[in-house]
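Subject: Structure handover

Hello,

I am passing a structure on to you, with notes on what was found in it. Please look it over when you have time.

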Amino acid sequence: MEMLFALASFLIALFAFGFGAAKLFKRKKPLYLQLLVCAAGCFAVEQLSYAVNLWCGVAAEVSIGMLGIFGCNLFLLSANFGTLDRIVDDGRGTGKARKLAFLAPAVMAAFIALAFLAWKEQDLFCAVMWLVMLIPALPASYFNLKHILLPVDPFEFLKATKPCNIAALVFYIVTAAYVICSTTMGSTASGVLSVLMSLSVLSLALCAIRGAKRWGI
């Protein structure tokens, strides 16, 4: 059963990346949306690594595939941080959104702390590794929520990216829940959450494709 969950999760993530790449890795497509597809690709690599480890009977708690989640979170962070954020947030009338946006990293910090504590007694090194893998979700979630709360910009970039930001927030939460449940609950619960992670990544890719049609420039 665990292998079936792993295979299903990998195939969903692979489809998310492949479909997103086919639609968005083209000239004149927004880099922002391409970065989201790259995030899906990183996650697909993680799911492939996990499925291969299961198939080969590798029982190590820490694997190179974990870097897939780290890369996924970094791509989600880099998509919103920088140029796009400066365009949609010029500092005028955005103070309330900025303050409320700190709720997202606060919630994520609580989830990450629970994940660390859940693994700490079982495997301290693995607990530290998961802490590192999930840390980029803190600033990333701030920008995701801020861009959801900001008023629509003149180019309507935020209208195009809002579903993507929602999907990203869901991914962070489900991922943290998966890390916690992978040590405190059975393989069935972990398998279901693994599939939900892939579905959230698929939703992210589909929202990116839909967002390309609304992109202002």
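This is a predicted model: local features need pLDDT of at least 70, side-chain atom pairs count only at pLDDT 80 or more; totals for chains, interfaces and linings use all residues.

Residues are numbered from 1 along each chain as its sequence is written, and side-chain values use heavy atoms, with hydrogens and water left out.

Overall fold. The protein chain has 10 helices and 0 strands; helices (H or I, at least four residues) and strands (E, at least two) are DSSP runs numbered from the N terminus. The C-alpha atoms fill a box of roughly 55 × 35 × 25 Å along the principal axes. The radius of gyration, taken over C-alpha atoms, is compared with a globule rule of 2.2 Å times the number of residues to the power 0.38. For 217 residues a compact globule would come near 17 Å, and the protein chain, at 17 Å, agrees.

Of the 217 residues, 51% are buried, where buried means under 20% relative accessible area, exposed over 50% and partly exposed in between (1.4 Å probe, protein chains only). Counting contacts (heavy atoms within 4.5 Å) with a separation of 6 or more, 79% join residues 24 or more positions apart.

Lys-28. This residue sits in the loop between helix H1 (2-24) and helix H2 (31-56). Lys-28 is exposed because its relative accessible area is 81%.

Aromatic rings. The whole structure holds 7 aromatic pairs. Rings of Phe, Tyr and Trp (its six-membered ring) pair if their centres lie within 6.5 Å; planes under 30 degrees apart count as stacked, over 60 as edge-to-face and the rest as tilted. One of the pairs is Phe-15 with Phe-19, which is stacked because the ring centres are 5.4 Å apart and the planes are at 5°. These two residues are 4 apart in helix H1, so about one helical turn separates them. Phe-15 is partly exposed at 48% relative accessibility, and Phe-19 is also partly exposed, at 31%. Phe-171 and Tyr-172 form an edge-to-face pair, 6.3 Å centre to centre with 65° between the planes, and both residues are buried. Phe-81, Phe-102, Tyr-142 and Phe-143 make up one aromatic cluster.

Regards
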